Amino acid sequence: MKFISIAVKDFKELIRDRRGLFFILLFPIFFMMIFGFAFGGMGQENTPHNIAVVNYDQGAVLPTGGEYNFGNNLTNGLKDFTYTNSNVKLFNVTETSESQADSLLKQRTVDAELIIPNNFSVSMISLIVNSTGLQTNSVNNTISAPIIRGDEGYSNFFASESALSGVMTEYQDGIVNGYKNQIAGTPGAEPIKFINTTVQGISGTQSFTQFDFLAPGMIVFAILLLATTIAAILTREADSGTLERLKMSKMRSFDLLFGGLIPWSLVAGAQVVILLGVAVILGLHWQGGINSVILAIIIGIIGGIASISLAMIIASFAKNDRQAANLGTLIVVPTSFLVGAFFQLPQVFISVLGHSFQVYELLPWTHTLSALRAVLIYGEGLNAVAYQIELSAILTAILFIIGVVLFSKTRLRAES
Amino acid sequence: MDYMIEAIDLTKKFDDLTAVDKLNIKIKKGEVFGFLGPNGAGKTTSIRMMVGLLHSTSGKIFINGIEIDKIEKGTIGICPQELMLWDNLTCKESLNLMADMYEVPKQIKIQRVQKLLEDLFLVEKSNTVVSKLSGGMKRRLNLALSVIHEPEVVVLDEPSEGLDPQSRRVLWNYIKAMRDEQGRTVILTTHLMDEADHLSDRIAIIDHGKLIRLDTPENLKNEIGEGDVVDMKLSESSKNLEVIKELETHKEIIAVVEANGRIHIRALNAVGKLPLMMQVIEKCNVEIADLSVRQNTLEDVFIDLTGTGLRE
């Protein structure tokens, strides 16, 4: 079990290298704090949300007589809503078809899409009838299901969805109260919700901030930064000659690389816990309990292994530890942007064998980030993120094999 | 004759540079083999090929009759000239790690680590991290790590570099013990000629990647160089010229000069030629008042073979 001896050695070296440990653990915390203070309240900023409205509503006959289309009414309302105590519009509304709206969503021209169903007016009349005591023959109790659709990997969607959900509730209450006022003296029942707005891709909080979106990104950034540190350590091992000493022994490549994997994976897991703790202190709307932390640690460890694999690739080409650190930074920082740790880049789709996917999805940390967001911010369980974890694990395994092959070829064989 | 290492036409080329050029060497089992050469002569390149860390361009290397690529790992232990140590591990942790890497059984490992710490005077620093050791201690640990698995062949690449005389004595005693008590084959490269002379059974001198000479230190000193210098004072200095003339007729005498009333005679293996000198002096009817011999050193041999030009 030589890999255990290597793991113990690496662990001891890690904890005794105070400066390195400081960099690994405190540098990301510093970043998290900067972002926490900078973006903690960004969700409440007074800028209009860009939304697309798809109105399928076919209208209905009002209890008081006459045809009315509540879908159109809601759409116009959305156009007119302003922020409280402000003349800034709450939404920039684009009325369009569903396919066009989906396209705009993919292009990020709009932040969210509201789909008003064809029975929206009927459900509104059901609401009015049941809440006010008015009588009509035209409708039975009907429930409609408007949909708020969006990209859950896009920060602007959180804020838009939150605002839309709030407005939908307000609209229902406003309509009911309006009718109650019209038939003054009639003791109306409590409004019953006849409109169940479905938010697709959202299962969590109502009050997202930009920081909620960024915090998991910071964790992934920290995990990615590990690649720089590990690459420098691996190169130092070669540079100082200790790797040559190990090469002369009965140690196999597997022992060195798998042994190194253990302490560094633990560091990745520890980073998740520490950074999550800091983020919660800074105001992260963390969903889920201890299970979500355990799941996040597992996701973080897979991401950590991907970083270790990247470190092996970097260490295969760097001549010394300084070069490894520089090369690592050169790779890790752009990768952090590509995986969307700080903000989402424009979507770039590629098509392989008829399957269309984003280029960023080829990076395992993209899935680490999506899974961490789903678990920590939306409180999703294992089932919901299993696909992301699987993808992350597969891509990590591929990266690990590439790393092992390159490192073994360049560093662990006799020189030519 | 049993040879532990056999290099046949060993050649290494780096682009246009031929670092090692058809080197043929046979190293006997249980001997300390000195490997000398100026900087850049090809010593380290040869050694790296002999221990399997560097592929040769051509030629073959056999370790105990087995080709280098096929030998069991752990047959050779190398103590490199650079310190190859883990700064954040203690002496004991470093030794335990390398013992694990060579699959030394646990009980044997405990005893062996303790013995090495004792033999190399590191017991008091067993639990001190390497970064806090002195240069001499690091050198000794560097050696200990190379022999923790008790290899059949130990390669010591300039092991005394930067050591004080005390540490050097410890190291020399340990090298001698490896040969005399443990029966190991030791290859020693060094720039310290007294070290090579003191420790080596045989010495190979290489330059420009080629073997120039291979022999015992005694034979090298007796056969190569400007020779020993016999410094004598005669009872009657007026006879100096007569004695000098007589000595110059003998081809075994390289040179004879007079300086400050004394006679300086240069000859290889001068001690062996003292009877001849005595005969000449007796023939001239004079007596020796004072005599001393400065022996030809290995450094004289080395300079004679490799020249005085700088190589770096």
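Guide: Welcome! In this predicted model, a residue counts as buried if 20 or more other C-beta atoms lie within 10 Å of its own, as exposed if 12 or fewer do, and as partly exposed in between.

Visitor: Thanks! Is V61(A) buried, exposed or partly exposed?

Guide: V61(A) sits in strand β2 of chain A, residues 60-61. Around V61(A) there are 16 other C-beta atoms within 10 Å. That count falls between the cut-offs of 12 and 20, so V61(A) is partly exposed.

Visitor: How far apart in space are V61(A) and V122(A), C-alpha to C-alpha?

Guide: Along the sequence, 61 residues separate V61(A) and V122(A). In space, their C-alpha to C-alpha distance is 8.1 Å.

Visitor: Which element gives the largest share of the side of chain A that touches chain B?

Guide: Here 20 residues of chain A are in contact with 23 residues of chain B. On the chain A side, the elements giving two or more residues are α1 (2-16) and α8 (242-248). By class, that side has four nonpolar, six polar and 10 charged residues. The largest share, six residues, comes from α1(A).

Visitor: And how is α10(A) oriented relative to α11(A)?

Guide: The axes of α10 (residues 290-317) and α11 (residues 321-338) of chain A come within 9 Å and cross at roughly 130°. The crossing is right-handed. An angle over 145 degrees would count as roughly antiparallel, and 65 to 115 as roughly perpendicular; the angle here therefore makes α10(A) oblique to α11(A).

Visitor: Which residues of α11(A) do I314(A), A315(A) and F317(A) meet?

Guide: The residues of this helix contact divide into six nonpolar, one polar and no charged. From α10(A) come I314(A), A315(A) and F317(A), and they meet A324(A), L327(A), G328(A) and I331(A).

Technical notes
Residues numbered from 1 in each chain as written. Chains lettered and ligands numbered in written order. Predicted model: local features only at pLDDT ≥ 70, side-chain atom pairs only at ≥ 80, totals over all residues. Helix = DSSP H or I, 4+ residues; strand = E, 2+ residues; numbered from the N terminus. Contact = placed C-beta atoms within 7 Å. Nonpolar A, V, L, I, M, F, W, Y, C, P; charged D, E, K, R; others polar. Axes fitted to C-alpha atoms, helices over the stretch in contact; angles between N-to-C directions. Parallel < 35°, antiparallel > 145°, perpendicular 65-115°, else oblique. Left-handed = near helix turned anticlockwise from the far one by under 90°.
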